[in-house]
Amino acid sequence: MNKGNTPLNGKRRPDRAALFIAVFLAAIAAIIFWDVSRLAAIASYSRIGPATVPFVIACVLVVLAIWTAFEAWRGDFPERERQEIGPVVWIVGGLVAQLLLLKVAGFSIATGILFAAAAAGFGKRKLWITLPVGIALCLGVWLIFAGLLQLSLPAGPLEHLFL
Amino acid sequence: MKQFLIASILAGAVAFSASAADYTIIAPANPGGGWDQTARSMQTSLQQEGISGNVQVQNVPGAGGTIGLAQFASQSNGNPNALIVGGYVMVGAILTNKSPVSLKDVTPIARLTGEYEAIVVPAESPLKTFGDLVEALKKDPGAVSWAGGSAGGTDHIAVGLIAKAAGVDPTKINYIAYSGGGEALAAILGNQVTAGISGYGEFESQVKSGTLRLLAVSSDARIDGIDAPTIKESGLDVVVQNWRMVAAAPGLSDEQKAAVTADIEKLAKSASWQETLKTKGWQDTYLAGPAFEEQLAKDISATETILKEIGLVQ
Amino acid sequence: MNTFEFLLHGLSIAMQPMNLLYALIGVTLGTAVGVLPGIGPALTVALLLPVTYKLDPAGSLIMFAGIYYGGMYGGSTTSILLNTPGESSSIVTALEGNKMARAGRGGPALATAAIGSFVAGLIATIALAFIAPFVVKLALVFGPREYFALMVLAFVTVSSAFGDSTLRGLTSLFIGLALATIGIDQLTGQARLSFGVPDLLDGIEVTTLAVAMFAIGESLYIAAQGDRGPDKVEAVKGSVWMTAADWARSWKPWLRGTAIGFPIGAMPAGGAEIGTFLSYATEKRLTKHPEEFGNGAIEGVAGPEAANNASAAGTLVPLLTLGLPTTATAAIMLAGFQQYGLQPGPLLFATNPQLVWGLIASLLIANLMLLVLNLPLVGLWVRLLTIPKPWLYAGILLFATLGTIGANPSPFELGMLLAFGLLGYVMRIFGYPIAPVVVGLILGPLAEQQLRRALSISQGDMTVLFTSPIAAVLLTIAAAALIVPLILRARGRGEVLSQLAASED
């Protein structure tokens with residue numbers, strides 16, 4: 001069937017990345033099937049219990065996985081634009097840093113780091129500018145939302161100076 | 001700026017020297033709910049009466065209070081200034097959610113308030129008395145649909161107990177769970193279900209305006225100002241109180257526990273707390289010490305039994 | 001006093017200069033906070049409610065109404081300009097609105113949203129004043145089976161947001177439905193798909209998913225385009241105001257959106273955003289410019305925005321007449337009303353007419369203020385797009401996480417934000433539509449619960465689902481929406497064939 005990379009009769013190559021999507025969908029379905037199997041069968045008067053709807057959803061996901069695999073095999077997925085990995089790493093790194101530092105360093109420092117990392121992801125790599133700007137901005141946001149509006153945002157060493 | 005200054009002094013006090021009278025109360029629910037209101041009313045009264053200089057309320061919502069309870073038990077071990085608000089709903093939620101942390105892992109101090117369950121039918125319902133409803137239930141339990149709060153909650157448990165007392169198999173009850181009393185109320189008003197069950201406060205204005213008929217309340221004796229018989233009067237021995245309590249951290253010494261209990265008793269007897277109960281329409285069901293512990297143990301075992309009989313807990 | 005006199009009396013109080021000022025402050029504050037991505041109307045009202053406590057009852061009620069409408073409108077602004085809806089009700093607005101903004105038509109998109117919101121708010125508030133008691137009687141007729149039929153109809157309409165591939169649209173929807181089953185099953189109390197993780201017991205927060213998939217996914221996707229990505233957005237192309245053609249294409253969607261949104265908002269079972277889905281699907285079916293849908297059709301902004309505001313006024317119907325809060329925002333409003341001594345319930349209109357009519361008059365005034373404030377600001381909002389990308393997107397991420405942290409400051413919630421952000425990014429790469437995921441998460445539990453309640457009440461008898469007249473009508477409409485396009489296509493082919501045959505003669 002597969003003619004390799006000879007696009008003679010207009011046939012495109014199987015789309016490997018899209019095949020992964022099919023695997024991903026099948027995996028979600030498998031997890032749901034497993035979870036449903038250990039649910040107690042409390043159907044009461046409705047005949048359909050807590051397991052019925054997830055079971056149906058998982059079945060549809062299996063069908064969608066097969067359909068996706070089929071389209072991926074035929075190469076029917078649309079062309080994708082080339083993605084730059086660098087910016088994505090910057091932003092994801094910023095979000096992870098915020099998540100880890102939030103409790104320890106407080107809202108302003110953690111979110112300031114996210115701010116600087118996001119700016120870097122969009123090409124503004126001058127951290128010595130973006131980081132102080134980010135932290136100052138976040139501190140301002142903290143003062144307004146936590147100070148004035150009583151939103152519970154974690155406080156760290158920097159915020160304690162203003163408390 | 002002045003506000004900041006005061007706040008900084010208060011915050012400094014929390015951070016460095018939490019004196020014996022400074023409490024942090026966990027409300028294991030979203031802002032606005034019963035537990036949150038209880039915690040915030042306690043905060044006001046504790047400060048007003050000078051029992052405690054500084055009280056903080058923190059919301060840790062989720063899963064019938066069990067998420068807040070688990071966090072409280074693990075993070076405040078041995079801390080005499082930490083309190084958590086809880087209630088009867090938590091007893092059921094611990095069982096149905098298979099929560100690893102139970103009320104045994106904290107130090108229950110006292111029951112503060114409670115609300116009794118009310119059973120209503122739409123005004124146009126052919127069922128005139130609670131006896132009529134029980135007869136219908138005995139004839140065909142499936143044909144009597146009950147609208148109430150979340151599965152395994154106080155409302156559900158009360159229906160299970162009524163069925164059991166009436167000699168009906170509790171697994172056969174047709175209970176329709178709604179999120180919160182509001183949605184259930186709409187179903188009852190719209191005549192979608194046979195009967196409704198919830199805290200009396202939920203139905204009060206509808207009962208007064210005549211759109212709902214109040215059949216019975218789940219208290220031990222008739223309640224002042226509420227024109228309805230108790231379930232007990234109709235021969236079924238069912239008393240259900242949706243109580244709220246306050247608990248302290250695990251691992252306290254006897255002296256620490258006594259100190260917290262004394263503070264809470266002062267609160268419960270205080271004028272400002274009594275005023276709060278009146279304005280909020282809460283019943284004063286204060287109970288502490290061995291009497292409360294005994295009542296709690298009884299409630300837990302009764303709840304476990306009925307939840308097993310309904311089939312919600314294996 | 002009769003109804004009309006009460007309303008006039010309320011209006012005369014609300015029109016006092018001091019109260020007008022309060023309305024303006026409320027609308028400004030509400031818009032300013034609501035415009036931040038990740039902070040929807042519920043959080044806006046919750047945050048700003050204490051500000052109103054310091055005023056006298058009339059003034060605080062008016063400022064409160066201003067905050068409420070301001071918060072609602074602020075959310076649409078960022079959806080349109082930045083494709084970062086912070087709450088479920090402005091997701092549909094982002095679909096066409098952002099496409100318009102990218103084509104330099106952000107001005108008309110914002111204007112049609114503002115004027116549409118005003119028109120819908122005006123009509124719906126007047127409807128609230130005069131027909132609330134009747135509407136609520138109608139709404140109570142809706143039982144589980146009728147709701148289920150409505151959900152089926154809503155599911156059919158989701159397909160209009162599928163984009164160009166049925167496979168990918170369905171996949172998105174079912175990912176959302178799968179996510180919706182996480183957490184405690186409401187009807188039996190059983191934990192599903194939570195793997196013993198307590199944070200999952202309450203399910204996935206719609207706000208978290210929406211902010212992650214839209215704001216974070218969008219930021220990642222745009223960043224990954226690097227320098228060559230869509231070159232600088234041109235903020236204004238053509239007029240910043242609505243042209244005559246824009247007006248002509250907007251007024252009918254405004255009215256239709258209002259007619260759809262108000263009754264759905266008035267139903268006491270939640271899901272007020274369903275009106276926006278239905279309105280979008282309606283406009284897509286009725287438009288004379290089908291080719292523009294998906295590329296920035298003004299009808300797709302005008303209709304859903306009107307529906308959104310009308311349903312917001314609609315949620316006040318069960319709130320005021322029954323004391324039932326049906327949305328998070330309404331629940332917070334209930335707390336606010338109690339502060340003013342309003343005890344919502346069936347007797348409210350009889351026992352407390354001054355306050356009720358004061359509130360309704362306040363809503364009318366706030367609605368007007370919103371228009372007064374925002375129309376001149378449209379030009380300024382559009383400038384948001386000219387902020388250099390690094391600063392703009394860094395700010396978006398700041399506020400997107402602020403909303404999540406403010407609602408629940410747990411590392412787990414932020415972890416979910418990141419995970420769903422990455423999911424949104426990957427889905428964008430492969431051309432999957434984002435909106436159906438969020439719609440699935442909203443509709444899934446509603447549909448499941450109503451179906452199971454209906455069958456439980458009927459003791460397992462499936463026929464009840466079709467035997468109620470309202471349910472039957474709704475299901476018929478749903479079936480027609482699915483089948484009619486197929487028939488038309490088939491008939492169209494037939495006509496072509498017969499024409500061919502005729503021409504051979």
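Which residues of α7(C) meet which residues of α19(C)? The answer comes under the second heading, after a look at confidence.

## Model and confidence

This is a predicted model. The predictor gives the complex an ipTM of 0.88 and a pTM of 0.81. Chain A has a mean pLDDT of 82, with 87% of its residues at 70 or more. Chain B has a mean of 79, and 89% of its residues reach 70 or more. Over residues 1-20 of chain B the pLDDT is below 50, and this stretch has 12 contacts beyond near neighbours in sequence. For chain C the average is 80, and 85% of the residues score at least 70.

Where pLDDT is low, the predicted coordinates should not be read in detail.

## Helices α7 and α19 of chain C

Helix α7(C) spans residues 144-158, and helix α19(C) spans residues 435-457. Their axes come within 8 Å and cross at roughly 155°. Angles over 145 degrees count as roughly antiparallel, so α7(C) and α19(C) are roughly antiparallel to each other. The crossing is left-handed.

From α7(C), the residues are P144(C), R145(C), Y147(C), F148(C), M151(C), A154(C), F155(C) and V158(C). They meet P436(C), V439(C), L443(C), L446(C), A447(C), Q450(C), L451(C), R453(C), A454(C) and I457(C) of α19(C).

## Helices α9 and α17 of chain C

Helix α9(C) covers residues 206-224, and helix α17(C) covers residues 389-407. They pack at an angle of about 160°, with their axes 10 Å apart. That angle makes α9(C) roughly antiparallel to α17(C). The crossing of α9(C) and α17(C) is left-handed.

On the α9(C) side, the contact is made by T207(C), T208(C), V211(C), A215(C), I216(C), S219(C), I222(C) and A223(C). On the α17(C) side, it is made by Y393(C), I396(C), L397(C), A400(C), G403(C), T404(C) and A407(C).

Helix α3(A) runs over residues 85-121 and has 37 residues. Its end C-alpha atoms are only 10 Å apart. A straight helix would reach 54 Å at 1.5 Å a residue. Where does α3(A) bend? The bend is at A105(A), by about 140°. G123(A) follows α3(A) and has a positive phi, near 100°.

## Where chain A touches chain C

In this interface, 60 residues of chain A are in contact with 45 residues of chain C. On the chain A side, the elements giving two or more residues are α1 (16-37), α2 (52-74), α3 and α4 (127-148).

Conventions. Residues numbered from 1 in each chain as written. Chains lettered and ligands numbered in written order. Predicted model: local features only at pLDDT ≥ 70, side-chain atom pairs only at ≥ 80, totals over all residues. pLDDT = per-residue confidence, 0-100. Contact = placed C-beta atoms within 7 Å. Helix = DSSP H or I, 4+ residues; strand = E, 2+ residues; numbered from the N terminus. Expected span 1.5 Å × (residues − 1). Bend = angle between axes of the 7 residues up to and from the residue. Axes fitted to C-alpha atoms, helices over the stretch in contact; angles between N-to-C directions. Parallel < 35°, antiparallel > 145°, perpendicular 65-115°, else oblique. Left-handed = near helix turned anticlockwise from the far one by under 90°.
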